[in-house]
Amino acid sequence: MKWLAKAQMQRLRADGTVDGSPLDVAFNPTEYTLTKGAQITEIPIPGLGNPMLQFVHGQAETLAMELFFDSTDEGGTGEDAKPVTDLTDPFYQLILIDPATRALPVGLFSWGGDAFPGGRSYETLGSNRHGFKGVIESVRQRFTMVSSLGVPLRATLAISMKEYKTLSELVAEQSVQSSDRPASQVVGEGQSLTDVADAQGNGDDWRGMADANGIDNPEAVE
């Protein structure tokens, strides 16, 4: 028998370790949305019908979802009713400033193991595809059932998270993306391909450079 995999929210310390017990969602979300954008600026060119587009920087990815909570199974709807806020407050705390760090706590939403979309890599977590690490940028609580005594019994939390990466994680990610790009070098008059290969750290690779660049005379580069 297979147990239903529960989505979790975990609060993380600066070193990536879990701070406290994971927060299990009461019911797995039926859907969630991942959004990634880029900052583009328009450069107007006089006389042209459209501006040139210049990439400025990437924007942090966001995760948006709704989580449903119900406390009626624990105390019914009468005088013994249990407030649903006992379940929702731990999630709401994730948008409050941590007094120790004077910053928003970092959380990790995980569900589905390696199947979580995006193939993200977080150095602080030790391996890839651990879910979505970020800070809560907004929480909207909607109470959909309230007892006659005013006790909230059911709630839906609309949560928006913005992905958080350390500086070392951002640099490492950029290095991986740039490693497959061919290197280029400005050469001076009279330089040979051997000189260029030596500058790249491999003096024996001049033949490959000549073939790749269509150079017939490897002794000089025009």
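Reader: What does Phe68 count as at 31% relative accessibility?
Author: This is a predicted model: local features need pLDDT of at least 70, side-chain atom pairs count only at pLDDT 80 or more, and totals for chains, interfaces and linings use all residues. Residues are numbered from 1 along each chain as its sequence is written, and side-chain values use heavy atoms, with hydrogens and water left out. Buried means under 20% relative accessible area and exposed over 50%, with partly exposed in between (1.4 Å probe, protein chains only). At 31%, therefore, Phe68 counts as partly exposed.

Reader: Which residue in β11 stands opposite Phe68?
Author: Strands (E, at least two residues) and helices (H or I, at least four) are DSSP runs numbered from the N terminus. Strand β6 (residues 62–70) runs antiparallel to β11 and is joined to it by nine bridges; two strands pair if DSSP finds at least two bridges between them. The residue of β11 opposite Phe68 is Thr156.

Reader: How many residues apart are Phe27 and Phe68?
Author: Rings of Phe, Tyr and Trp (its six-membered ring) pair if their centres lie within 6.5 Å; planes under 30 degrees apart count as stacked, over 60 as edge-to-face and the rest as tilted. The whole structure holds six aromatic pairs. In the pair of Phe27 and Phe68 the centres are 5.3 Å apart and the planes stand at 45°, so it is tilted. This pair links distant parts of the chain, with Phe27 in the loop between β2 (23–24) and β3 (32–35) and Phe68 in β6, and the two are apart by 41 residues.

Reader: What is the angle between the planes in the edge-to-face pair of Phe109 and Phe116?
Author: Phe109 is buried, with a relative accessible area of 1%, and Phe116 is also buried, at 2%. The centres of the Phe109 and Phe116 rings are 6.2 Å apart, and the angle between the planes is 65°.

Reader: What is the phi of Gly150 in the turn?
Author: Strand β10 (residues 132–146) and β11 pair in the antiparallel sense over eleven bridges, and Val135 stands opposite Lys162. The two strands form a hairpin with five residues between them. Gly150 lies in the turn, and its phi is positive, at about 90°.

Reader: How many residues of β11 are buried?
Author: β11 spans residues 152–163 and is mostly covered. Of its twelve residues, the number buried is ten.

Reader: How many residues has the core that lies apart from the largest one?
Author: A nonpolar core is a set of buried Ala, Val, Leu, Ile, Met, Phe, Trp, Tyr and Cys residues joined through side-chain atoms within 4.5 Å. The largest has 19 residues, and Met9, Phe109 and Met161 are among those with the most contacts inside it. At least two residues of this core come from each of β6, β10 and β11. Apart from it lies another core, which includes Leu12, Val106, Leu108 and Tyr122, and its residues number six.

Reader: What is the length of the polar contact between the side chains of Arg11 and Asp98?
Author: Arg11 is in strand β1 (residues 8–12) and is partly exposed, with a relative accessible area of 24%. A polar contact is a pair of N or O atoms within 3.5 Å; within protein, one must be able to donate a hydrogen and the other to accept it, and residues adjacent in sequence count only if both atoms are side-chain atoms. The polar contact joining the side chains of Arg11 and Asp98 is 3.4 Å.
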